[in-house]
Amino acid sequence: LVAAAPDFECAHAPEANILCFRYRPDLVGETRLAPVELDALQARIRAAVVASGSHYLVEARLSGAGWLRVALMNPATEIEDLERLLAALRAAAGV
């Protein structure tokens with residue numbers, strides 16, 4: 001789902017239940033974000049989503065860059081739950 005979204009990128013192909021990814025609105029827009037801007041965006045949208053109580057993600061640093069990290073633990077997780085997560089992240093970014 002994340003890999004298919006034009007405005008998200010995966011740090012790697014998941015091998016288990018953990019995925020590091022980040023929101024990249026600049027991949028579909030005209031303006032490119034600097035690395036420091038991308039890091040700040042990830043921190044801001046993560047904080048907003050976690051504060052809302054709708055989802056829980058943690059921050060990860062990979063090769064010096066900021067990423068979002070999700071661990072899927074509940075076997076009842078459905079694709080709709082993940083679609084809501086991506087929508088919440090977009091909404092937190094103001095998209």
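## Core, helix packing and salt bridges

The largest nonpolar core has 17 residues, and those with the most contacts inside it are Phe8, Phe21, Ile45, Leu57 and Leu89. Such a core is a set of buried Ala, Val, Leu, Ile, Met, Phe, Trp, Tyr and Cys residues joined through side-chain atoms within 4.5 Å; buried means under 20% relative accessible area, exposed over 50%, with a 1.4 Å probe and protein chains only. At least two residues each come from β2 (18-23), α1, β4 (65-71) and α2; α2 gives the most, with four.

This is a predicted model: local features need pLDDT of at least 70, side-chain atom pairs count only at pLDDT 80 or more, and totals for chains, interfaces and linings use all residues. Residues are numbered from 1 along each chain as its sequence is written, and side-chain values use heavy atoms, without hydrogens and water.

The axes of helix α1 (residues 35-52) and helix α2 (residues 79-92) come within 9 Å and cross at roughly 115° (lines fitted to C-alpha atoms over the stretch in contact; angles from 0 to 180 degrees between N-to-C directions). Arg44, Ile45, Ala48 and Val49 of α1 meet Ala88, Leu89 and Ala92 of α2, with contact meaning heavy atoms within 4.5 Å.

There are six salt bridges, each a side-chain nitrogen of Lys or Arg within 4 Å of a carboxyl oxygen of Asp or Glu.

| Pair | N to O distance |
|---|---|
| Arg22, Glu9 | 2.6 Å |
| Arg24, Asp26 | 2.9 Å |
| Arg61, Asp39 | 3.4 Å |

Glu9, Arg22, Arg24 and Asp26 are linked in a network of salt bridges. Arg22 is buried at 11% relative accessibility, whereas Arg61 is exposed at 53%.
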